[in-house]
Amino acid sequence: MRQVFSILVNNHAGVLSHVSGLFARRGYNIESIAAGPTEDKEVTRIMIVAFGEEDKLEQIARQLRKLYDVREVNQLSYNRSVTRELVLVTVTADSEKRAEVLQIANAFGASVVNISDFSVTLEASGNDHRTRILIKALEKYGISNMARTGMIALPFDGMSEDWEPLA
Amino acid sequence: MELSGSQIVIEELKANGVEIAFGIPGGAIMPFYDELNKSKFPHILTRHEQGATHMADGYARVTGKVAAVVTTSGPGATNIITGLCNAKMDSVPLIAITGQVSSPTIGTDAFQEADTYGCTIPVTKHNWLIKDPREIQRVMREAIRVATTGRPGPVVVDFPKDIQVAMAEYNPRSPAAIAPTADPISYTPEPDTKAIDRLIDEIGRAERPVILAGSGIVKAGASAELAEFARRSEIPVINTLLGLGGFPGSDPLFLGMPGMHGTAYANLALCECDLLINLGGRFDDRVTGKISSFAVGATIVHVDIDAAELGKRVVTDIPILADVRDALIMLNAHVKKKNRKGWLTKIESWKRDYPLQYDRDGSIKPQYVIEQIQEVSGGNGIYVSGVGQHQMWAAQFIRFNEPNSWVSSGGLGTMGFGLPAAIGAKVGRPNKETWLIDGDGSFSMSLVELATAATYNIPVKIAILNNTYLGMVRQWQELFFDKRYSHVHYPTNPDFAKIAEGYGVRGFDITDVDQVRSTLEQAAEINGPVVMNFHVNQEENVWPMVPSGAGNDEMQLGPKDAKKLR
C-alpha cells in the first residue's frame, strides 16, 4: 500500500532531520519527500510518500505524532485528495525526433522550457498517474536528466472525513 | 533582571525540581561549571560521562525525579549516547546539558566539536540546540516537561559556550511559552469508558485471566491500584523484568517474570489464559517469544500511555490509551469478585511442579548468593543489577515487595549499567540499603566509578558474581553453538577485592560457600561502599529458558531435563 503523509511541523531547524531520521531508523522507506511553507508562517508542511503494509504505515503515523515538533499527521488516501508533482525532464531529441517529443508534451500539457540541438527540456505537473505515463512515453527517446519535486497533496474539500485522523 | 545563559539554566533547573547534577567539566562547558559552583548546585563529579547518565538514570528510577547530566562538547557528549539510549529504551527521564563549541565555530570542525544535536536525535525523546540566550528559559521548561510527562524519556540541551556567557533578561515568573505539538508527546488521555466497560465484561466472562504488568505500573505510581484490582478480581499477576516491584512478590497471586528466563508458571499462564490484560508493558520480544504462539486464543487487552505501543507487536482486541493508574481506578470502581478456583488451583499446581530451583553442590552458586542478599537485607533494600546471567538470577530470586526498588537495564541491556546506576539510586534514596548484583564482565565495564563511590562515600554494597565468563554469551554458545566457546572467557580477571582497596573501598574475596552469609552481614554493617568478589560456579546456566525465536510453550526447564514444558 502506498500512502501520502501530510505532516504539519513547527518551522524549526532540525525538524526535517527528526522526521526523516525516524523513517530511516525504523526501516521505513520514503519514496518522495517535499517540504514547504503553509498559510501559517510558523508551520511547515512535509509531504512524504511511503510504501508499506497497512499496519506498518499506521505505526509510522503514530511514531511521527510522538515527535515533539510535529503538530499534526494526516494520512491522505489517493482517491480522495488532489495530488500534484512537478517534473523537469530533459529528453534526447535531435531535430528529427523533436516534433514527436513536442507532440507528446502537448498532449500532456507539459511546457517546453528549453530546446537544444540534441534535447528538449519539459516541465510537467500532474498527479502520480499522469506523470508516470508521461515519463514512460518519453523514456523511449532517452531521458538524460530528470528532477522531481516529490508529491504534494491536499484533501478534497467537502470530503474531510477522508482525512482519516487516527484513533 | 539580567542573567548569563548559564545562570538561567541553573535557575530553571532549580525552579523545575531538578535537585542534582552528575557530570564532568571540560573546555566547552567551563562557564557553566563556574556558575554551577558559585550557585552551590549539588553536583557529583564522575569518572566517565556514561557513568553520569546511568547515575541520573538510577536516581530517576528510585525517586521518580529527574536529574541533570552535564558534559563538555565532543567526546563528553558522544560518551553519553549509550546512557541516553538506555534511558530512552526504558522510558527513564533525564536531562543532559552538553557544552558545545561557540556558535560562530559550529560547523567548522572546531576542537572537540561533535554534532551532538544530530547524534542524539535517535536516542532522546527530544533535543535542542540553543542559539539565543533569550530562548533558554523556554527551552529548559519544555525540556523538563518533555522528559517527565507522558511516556518519560531523556532529553538533551546542547549549549554553545558563547551562549553560556551571553546575557539575557530573565523573569522567573514569566509564563512558560510552550510550542504547539501533537498530543501524544506529553498529554495523558482519559481512558475510553466504552473500552473499560468492554474490559469489565471480559473479566466477568473470563475463566482463565492473567495480568501482565509492566514498568508503566511503577512509573505511574499505580502499585496500590494494581494490587487492589488483582486481589478484588482474583486475577494472577505476571511482572515484566522492569515491572518487578510493581506487585508484591510475596502475594499468592504473583507469578514472577514471563518470557525467555521467566518462571514456567508465568509462561504456562500466558499460554493457557483466555484473557490477557497487559498493564503498562510493551510486549517486548523477550516477553512474548515467538509471536505466533503467544497467548493464542486469548482476548488481548493493552493499556498504555503511548499510542504507538498499542498494536505495535501484538494484535490487540481492546486497546486502551491511558495512564495505567487512571485506567485501574476506573476498573476498580466496577470490577466484581469472581470465583476462579479452577484456574488458580491449576496455577498453584504449576508452581509446585515447576518451582525456580538450582542444585547445591558445595560450590558458590550465584542464585544462593542472591538469596542470601535478599535475606540479609530483609528484602526491603534497593536492588540494582548489571546485564547478563546475574541479572536474570536477581530478577528470579529476589522477592521485590515495593515499587522503585529494582534498577535494571531492560530494553537496551547495557553491560556496565550496574555500578553507576547503584550510585545514582543510593544518592536518590540515601536511607535505603542499596545492593548491586553484578557480573565480572558487566562490572569491568564501569568499575572506574568505584572512585566516585569512594570520593563521596556512597555506601553501595557490591556483590560481583564472578564466573570469569561473559556468562550469558557462554551459555548461548554452550546451548546453541555446540560449546564452541568464542572469546567469552576472562581467565585473568583482576583481583576485584584488591582493585577495590586501590580505590579506597573495602574489598572481600569469597571462595568458600560458608563465607557467603558472614561476608554479606559484615558488608551490611560497613558505613561505606563495599566490593565482594564471589567466585561462583563457572558453568551455572540460567533456567528455565525459552530459546531465542521459540515460543514460550517451548521453554526448557533445565540442563538434564531438556524436554519442552508441554
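Student: Which residue is the bridge partner of B:His126 in E7(B)?
Tutor: The partner is B:Val155. Keep in mind that this is a predicted model.

Student: What makes E6(B) and E7(B) a pair?
Tutor: Two strands count as paired if DSSP finds at least two bridges between them. E6(B) and strand E7 of chain B, residues 154-160, have four bridges, so they pair. The sense is parallel.

Student: What holds paired strands together in general?
Tutor: Strands of a sheet pair through backbone hydrogen bonds, either parallel or antiparallel.

Student: What is the strand order in the open sheet of chain B?
Tutor: Six strands line up as E3-E2-E4-E5-E7-E6, with parallel pairing. From one strand to the next, the twist averages 20°.

Student: Why are E3(B) and E6(B) called edge strands?
Tutor: Look at their pairing. Strand E3 (43-45) and strand E6 (126-129) of chain B each pair on one side only.

Student: Which helix lies across E5 and E7 of chain B?
Tutor: That is H5(B). Strand E5 covers 94-100, and the helix runs at about 145° to E7(B).

Student: Why is helix H1 of chain B described as largely enclosed?
Tutor: A residue is buried if 20 or more other C-beta atoms lie within 10 Å of its own. Eight of the eleven residues in this helix, residues 5-15, are buried, so the rest of the structure largely encloses it. Among them are B:Ile8, B:Val9, B:Ile10 and B:Leu13. The buried group also includes B:Gln7 and B:Glu12.

Student: How do you know that domain 1 and domain 3 of chain B touch?
Tutor: Residues are in contact if their C-beta atoms lie within 7 Å. Here 22 residues from domain 1 and 25 residues from domain 3 take part. On the domain 1 side, H3(B) gives the largest share, ten residues. That side divides into nine nonpolar, nine polar and four charged residues. The C-alpha centres of the two domains lie 31 Å apart.

Student: How many residues does each chain bring to the contact between chains A and B?
Tutor: Chain A brings 18 residues and chain B brings 16 residues. On the chain A side, H2(A) has the largest share, five residues. By class, that side has three nonpolar, seven polar and eight charged residues.

Note on methods: Residues numbered from 1 in each chain as written. Chains lettered and ligands numbered in written order. Predicted model: local features only at pLDDT ≥ 70, side-chain atom pairs only at ≥ 80, totals over all residues. Buried ≥ 20, exposed ≤ 12 C-beta atoms within 10 Å, placed from the backbone. Helix = DSSP H or I, 4+ residues; strand = E, 2+ residues; numbered from the N terminus. Contact = placed C-beta atoms within 7 Å. Nonpolar A, V, L, I, M, F, W, Y, C, P; charged D, E, K, R; others polar. Domains from an automatic or database assignment. Axes fitted to C-alpha atoms, helices over the stretch in contact; angles between N-to-C directions.
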